[in-house]
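Here are a few exercises to work through with the model open beside you. Try each task before reading its solution.

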Amino acid sequence: PSRLPLRPQLPPPRRDGNLSTSIARPLWPGLTEWPVPFRVLCFCSHRRPRRCSLDLETTRVIRSMTGYGEASAQLDGVHYSIEVRALNNKYFKSTVRLAEIYQGLEPEIESRLREKVYRGTVTVSARCTDASASAAYEVNTAALARYVQQLRQIHDGLGERTPVDLAGLLMLPGVLQPPGTADALLDKARKGLMPLLDKAMIALIAMREREGRVLANDIRDHLD
């Protein structure tokens, strides 16, 4: 049950008894698409096939569907890191994991993935760690004062006086504002993450090709 099938899907033979044709994507389990057409040499009669073999030497590359790549860099005081994982899937499916503030980059990342990968489930995890002083959130004093005023009105109505927890107020919506505008943060993250995505994809594709060569040798052993 664990052995690979002995033949890919082939077109019917010609009446002259010889077949030399090209197939774009044979369906071998665990393999992704063949990036270039490969040759299938079949020597058979139109009634009873005698010999069928794959000429794997003319195939440029076979890629497995599984792979992994990562890359990281430091840019303007910000540490960027990205990981790309690929698993088996008949179709292309992507999952991009980003912090909420960088969600605007998801369509660009998925588009870049589609340029390099045609099949498989691809998961991208990206992180940005800014340890510089410019990463500090700003306190919206107007919003904070408004929350404090409302709490005091509630306390006066109840006839009770309790201390105001400023640390808790900082967690309320609108009190803390991210540094810079959303567009500026996206532009900065784009400059740091997109080149790393390209590097991680190169590593992932290289791993898929290494596994593909192992699978190609396994197919060849089954055909011999």
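**Exercise 1: the sheet**

In this predicted model, an open sheet of 4 strands runs in the order β4-β5-β7-β6, with mixed pairing. Strands here are DSSP runs of E with at least two residues, helices are runs of H or I with at least four, and both are numbered from the N terminus; two strands pair if DSSP finds at least two bridges between them. Find which strands stand at the edges.

*Solution.* Step one: β4 (67-75) and β6 each have a single partner strand, so one side of each lacks a neighbour in the sheet. Step two: from one strand to the next, the twist averages 10 degrees.

**Exercise 2: β6 and β7**

Work out in which sense β6 and β7 pair, parallel or antiparallel.

*Solution.* Step one: β6 and β7 (residues 120-130) are joined by 6 bridges in the parallel sense. Step two: S94 has V122 in β7 as its bridge partner, and V96 has V124. Step three: the chain passes from β6 through helix α1 (residues 106-116) to β7, a left-handed β-α-β crossover (right-handed would run clockwise from the first strand over the helix to the second, with the strands pointing away from the viewer).

**Exercise 3: S125**

Decide whether S125 is buried or exposed.

*Solution.* Step one: S125 lies in β7. Step two: its relative accessible area is 13%, so S125 is buried (under 20%; exposed is over 50%, partly exposed in between, with a 1.4 Å probe and protein chains only). Step three: beyond neighbours within four places in sequence, S125 contacts S81, I82, E83 and R97 (heavy atoms within 4.5 Å).

**Notes**

Residues are numbered from 1 along each chain as its sequence is written, and side-chain values use heavy atoms, leaving out hydrogens and water.

Note on methods
Predicted model: local features only at pLDDT ≥ 70, side-chain atom pairs only at ≥ 80, totals over all residues. Axes fitted to C-alpha atoms, helices over the stretch in contact; angles between N-to-C directions.
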